Amino acid sequence: MAAAVEEAVARRRRSGSVALGDLLRREASAERAPAAGEEPRPSVAAGQACRAKKGEDYALLKPVCERHPAGAATFSAFALFDGHNGSAAAVYSTENLLSNVMCCVPADLSGDEWLAALPRALVAGFVKTDKDFQTRAHSSGTTVTLVIIDGSVVTVASVGDSRCVLEAEGSLYHLSADHRFDANEDEVERVTECGGEVGRLNVVGGAEIGPLRCWPGGLCLSRSIGDQDVGEFIIPVPYVKQIKLSSAGGRIIISSDGVWDALTAETAFNCARGLPPEAAADQIVKEAVESKGLRDDTTCIVIDIIPPEKISPTVQPGKKEGKGLFRSIFYRKTTSDSPSHADKDQCNQPDLVEEVFEDGCPSLSRRLDSQYPVRNMFKIFICAICQVELESGQGISVHEGLSKSGKLRPWDGPFLCHSCQEKKEAMEGKRHSRDSSSRNSGSSE
């Protein structure tokens, strides 16, 4: 089966096409059968489409991934990388981000423990990818929207302005956050306090035009991977949301701003209703380009999470936007950095999507300091970001230098190595590694 799938993939690549939904369904069907007494897992089908303007959008579609080498437990991973100022950051992230995240998940965890540890591992993996990319001395950057699906649990981590939206039982759920300065006053304040300047482009006569941007560099995003020319206060710490679907499954759309600048979420789902994933992605891209023209790379990934009893993916007719029910398993829900693009209207009917975790706080100290029992899953004498082993007395607490640490002490973990501590301080504006430049310079996004 695996050989047949690989040969099919090779034929698709030689013909110039990409990751067809039927091919992905065949590959996903190779997953292990549920053990006795285990709840049947939904299947996953996905497809993508892209119209290139600059060639800086990249996508990752991996319907079957192993948690550990030679392990039976599997998950699916999908990601969209919208590069700017060149494609280097998007290419590097496509090749390294998922493996960096997985390296930050402790080994030998049960299924529920693995899911509980995932939000912290996503933060560490994003920061490690950004830190490692900086050694390549590239000035490009990229947005990232990474979706990990394990059974009926969906975990999304995002930086930038690509978006991930779920439709389940007729309701829409925004699973990512918009990190454009125009959409997030808290991020404007954070960057300003860290030493950045946020404003619009100055033109002759002193008039200001265009979106809010960070100077130097002119980036209109407050979070990304890369962007060394802008400043360390453009951080890679992702907004993370984890939800559990009902047995009805659902459809997920991940798209770059080329789609969302042209279509609302409701329009995107409606225009592709009833189509299989790849045809749906192609239709959404077509609608976006016809609406606004091909102004930017326009990429879409469509993922169907199909209940075991259903032969083919079906999507309920659209209704109003919903807000998932909160269920506390290991975490306390936080409201920091909630998706600013979400509609405030709520569905009156009971929602069938359970919200397990949500956090968009920019503070590494808080994001890496998990609560019990997740805290005990991670080894203490290992760098919480790059995962190098720390000798006695070598690590630096993530709480080092905090003015309001409460009951926390500098010798409490988690710990960072020296280089990751420097990275953390630079992100907090305690180390200024770049020179300022005028707002009259060109923009990078």
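**Helices, salt bridges and cores in a predicted model**

Helix H8 takes in residues 277–292, 16 residues in total, and its first and last C-alpha atoms lie 23 Å apart, close to the 22 Å expected at 1.5 Å a residue. That expected span is 1.5 Å times one less than the number of residues in the helix. Helices here are DSSP runs of H or I with at least four residues, strands are runs of E with at least two, and both are numbered from the N terminus. The structure is a predicted model, so local features need pLDDT of at least 70 and side-chain atom pairs count only at pLDDT 80 or more, while totals for chains, interfaces and linings use all residues. Residues are numbered from 1 along each chain as its sequence is written, and side-chain values use heavy atoms, with hydrogens and water left out.

Which residues of H8 are buried? The set is Pro277, Glu278, Ala280, Ala281, Ile284, Val285, Ala288 and Val289. They sit on the same side of H8, because the arc they cover around the axis is only 165 degrees. Buried means under 20% relative accessible area, exposed means over 50%, and partly exposed is in between (1.4 Å probe, protein chains only). The arc is that of the directions from the helix axis to the C-beta atoms. The background is simple: an α-helix has 3.6 residues a turn, so residues three or four places apart point the same way. After H8 comes Gly293, with a positive phi near 85 degrees.

Helix H5 (residues 185–193) can be read in a similar way. In H5, Glu187, Arg190 and Val191 are buried. Their arc around the axis is only 95 degrees, which puts them on the same side of H5. Glu185 and Glu193, on the other side of H5, are exposed. As for partners, the buried residues of H5 pack against strand S8 (197–202) and strand S9 (208–215). Contact means heavy atoms within 4.5 Å.

Zooming out, the protein chain has ten helices and 17 strands. Of its 445 residues, 53% are buried. Among contacts with a separation of 6 or more, 72% join residues 24 or more positions apart. The chain exposes about 19300 Å², and carbon and sulfur atoms supply 49% of that. Accessible areas come from the Shrake-Rupley method with a 1.4 Å probe; for residues, only the protein chains shown count as cover.

Next come the charged pairs. Side chains of opposite charge can pair when their charged atoms come close. Here a salt bridge is a side-chain nitrogen of Lys or Arg within 4 Å of a carboxyl oxygen of Asp or Glu. How many salt bridges does a search of the whole structure find? The search turns up 20. One of them joins Arg67 and Asp150, whose closest N and O atoms are 2.4 Å apart. Arg67 lies in the loop between strand S2 (57–66) and strand S3 (74–84) and Asp150 in strand S4 (residues 141–150), so the pair ties together parts that are 83 residues apart in sequence. Arg67 is buried at a relative accessible area of 13%, and Asp150 is buried too, at 5%.

Glu355 and Lys241 also meet in a salt bridge, at 3.1 Å from N to O. Glu355 belongs to strand S15 (residues 354–359) and Lys241 to strand S11 (residues 239–244), so this pair links distant parts of the chain, 114 residues apart. Both Glu355 and Lys241 are buried. Glu428 and Lys430 form a salt bridge as well, with the closest N and O atoms 3.2 Å apart. Glu428 is partly exposed at 25% relative accessibility, and Lys430 is partly exposed at 46%. Elsewhere, salt bridges link Asp161, Arg180, Asp257 and Asp261 in a network.

Finally, the nonpolar cores. A nonpolar core is a set of buried Ala, Val, Leu, Ile, Met, Phe, Trp, Tyr and Cys residues joined through side-chain atoms within 4.5 Å. The largest one has 52 residues, and those that touch the most other members are Met102, Trp114, Leu122, Phe126, Leu146, Ile148 and Leu368. Helix H4 (residues 111–134) gives this core its largest share, eleven residues. Apart from this core lies another, of 22 residues, including Leu61, Ile149, Ile303 and Val353.
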